[in-house]
Amino acid sequence: NTSSISITQIASVTSRPEMVIGMHFMNPVPIMKLVEIIRGYNTSDEVTNIIMELSKTLGKVPTEVNDYPGFVANRILMPMINESIE
């Protein structure tokens with residue numbers, strides 16, 4: 001599950017790390033438009049551009065995010081929830 005494993009780490013055990021990229025589809029996938037595109041440190045611009053366009057072809061709204069564990073939406077949401085509880 002790439003929501004908890006670094007794309008760079010996955011790519012490091014392949015012979016073509018420049019071809020490895022992550023896609024996080026939000027649930028429920030048929031309804032949610034957002035898809036996070038996660039580049040590894042060695043992912044090529046060409047692969048990133050292809051996946052961004054593929055996401056749009058699928059009717060999704062792609063956003064490129066840093067190679068960091070967890071979904072970016074949750075990383076933004078959790079501090080907001082924590083603040084509202086205080």
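**View 1. Order of the elements along the chain.** From the N terminus on, the elements of this predicted model run α-β-β-α-β-α. The protein chain has three helices and three strands. Residues 24 or more positions apart make up 54% of its contacts with a separation of 6 or more.

**View 2. Confidence in helix 2 and helix 3.** The protein chain averages a pLDDT of 87. A score of at least 70 is reached by 84% of the residues. Among the elements, helix 2 has the highest mean pLDDT, at 98. Helix 3, residues 72-85, has the lowest, at 68.

**View 3. The pair K56 and E53 in helix 2.** K56 forms a salt bridge with E53. Their closest N and O atoms are 3.4 Å apart. Both residues lie in helix 2, which spans residues 45-57. Is K56 buried, exposed or partly exposed? K56 has a relative accessibility of 46%, so it counts as partly exposed. E53 is also partly exposed, because its relative accessible area is 46%.

**View 4. The pair D45 and R39.** D45 forms a salt bridge with R39. Here the closest N and O atoms are 2.9 Å apart. The count for the model comes to two salt bridges.

**View 5. Surface and interior of the chain.** The protein chain exposes about 5,800 Å². Carbon and sulfur atoms supply 59% of that area. Of the 86 residues in the chain, 29% are buried.

Notes: Residues are numbered from 1 along each chain as its sequence is written. This is a predicted model: local features need pLDDT of at least 70, side-chain atom pairs count only at pLDDT 80 or more; totals for chains, interfaces and linings use all residues. Side-chain values use heavy atoms; hydrogens and water are left out. A salt bridge is a side-chain nitrogen of Lys or Arg within 4 Å of a carboxyl oxygen of Asp or Glu. Helices (H or I, at least four residues) and strands (E, at least two) are DSSP runs, numbered from the N terminus. Buried means under 20% relative accessible area, exposed over 50%, partly exposed in between (1.4 Å probe, protein chains only). pLDDT is the predictor's confidence in each residue, from 0 to 100. Contact means heavy atoms within 4.5 Å. Accessible areas come from the Shrake-Rupley method with a 1.4 Å probe; for residues, only the protein chains shown count as cover.
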